[in-house]
Amino acid sequence: MLELRSLTAGYDRRDPVVRDVSLTVAPGESVGLLGPSGCGKSTLARVAALLHRPDRGQVVVDGEPVHGWRHRAPRDRRTAFGVVFQQPRLSADPRLSLAQIVAEPLRATGRAADVPERVPELARTVGLGADLLGRRPHEVSDGQLQRACLARALVLRPRWLICDEMTAMLDASTTAALVAVVEEYRAASGAGLLAVGHDRVLLERWCERTVEWRELTGATGATGGSAAHPAAE
């Protein structure tokens with residue numbers, strides 16, 4: 001179970017963007033978090049993925065409270081999460097080829113021996129041809145780069161997937177393809193999913209349960225609107 005308990009978080013302690021929010025994702029469950037741009041949902045997603053320390057509250061994984069964040073988290077805890085962000089060009093090193101981007105987590109965790117098998121396997125899974133793997137981010141489309149970022153998120157076989165506006169910059173066909181990859185992985189692995197977005201139709205079709213941001217915070221007003229920018233959330 002992934003539990004977010006009474007979290008308050010942000011980038012300025014005097015004005016947090018997330019205030020006293022709680023949410024749970026059960027193993028194998030898919031939960032959509034629906035909210036407008038700038039509401040704080042991307043910050044909550046980063047906390048859930050152990051990438052941002054909250055100011056108050058707890059993240060509890062399988063009954064154990066989290067005490068370490070980012071690289072201070074134990075390796076087995078840190079690698080249990082796979083994350084895909086909204087803007088692939090901000091989350092991928094422009095100096096690396098797509099193959100190197102997919103392989104990054106393996107090399108970082110001492111599993112370089114798995115690269116020759118896992119990288120081609122994941123490339124096929126996400127729909128990247130072998131001819132693209134040697135290219136760098138500026139030589140491919142946003143959709144192709146996001147496919148590589150999804151492969152990177154899956155390469156360590158995570159138990160939890162956090163997709164933060166993963167498809168916001170993609171066309172309909174690429175969106176459908178990447179959602180299908182995520183669902184095939186979850187069906188095979190039993191991984192839980194937190195999908196963050198502003199597209200109600202997509203989240204309600206994709207996820208078993210969709211939660212509106214205003215339900216978590218008690219805020220009023222309609223959800224929806226333009227795609228959220230991670231820096232604003």
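Author: **Backbone and helix packing**

R70 has a relative accessible area of 43% and is therefore partly exposed. The model in which this value was computed is a predicted one. R70 belongs to the loop that runs between β5 (64-65) and α2 (75-78). Its phi is near 50 degrees, a positive value in a residue other than glycine. Most residues other than glycine have a negative phi. Phi of S6 is likewise positive, near 50 degrees, but S6 is part of strand β1 (residues 2-9). With a relative accessibility of 37%, S6 also counts as partly exposed.

The account now turns to the packing of two helices. Helix α4 (residues 98-108) packs against helix α6 (residues 142-154) at an angle of about 25 degrees, and their axes are 8 Å apart. An angle under 35 degrees counts as roughly parallel, and α4 and α6 are therefore roughly parallel to each other. The crossing of α4 past α6 is right-handed. On the α4 side, the contact is made by L98, I101, V102, E104 and P105; on the α6 side, by Q144, L145, A148, A151 and R152. By class, this contact of α4 with α6 comprises 7 nonpolar, 1 polar and 2 charged residues.

In soluble globular proteins, nonpolar side chains tend to be buried together.

Definitions and conventions. Residues are numbered from 1 along each chain as its sequence is written. This is a predicted model: local features need pLDDT of at least 70, side-chain atom pairs count only at pLDDT 80 or more; totals for chains, interfaces and linings use all residues. Side-chain values use heavy atoms; hydrogens and water are left out. Axes are lines fitted to C-alpha atoms, for helices over the stretch in contact, and angles run from 0 to 180 degrees between N-to-C directions. Helices (H or I, at least four residues) and strands (E, at least two) are DSSP runs, numbered from the N terminus. Angles under 35 degrees count as roughly parallel, over 145 as roughly antiparallel, 65 to 115 as roughly perpendicular and the rest as oblique. A crossing is left-handed if the near helix is turned anticlockwise from the far one by less than a right angle, and right-handed if clockwise. Contact means heavy atoms within 4.5 Å. Ala, Val, Leu, Ile, Met, Phe, Trp, Tyr, Cys and Pro count as nonpolar, Asp, Glu, Lys and Arg as charged, and the others, Gly among them, as polar. Buried means under 20% relative accessible area, exposed over 50%, partly exposed in between (1.4 Å probe, protein chains only).
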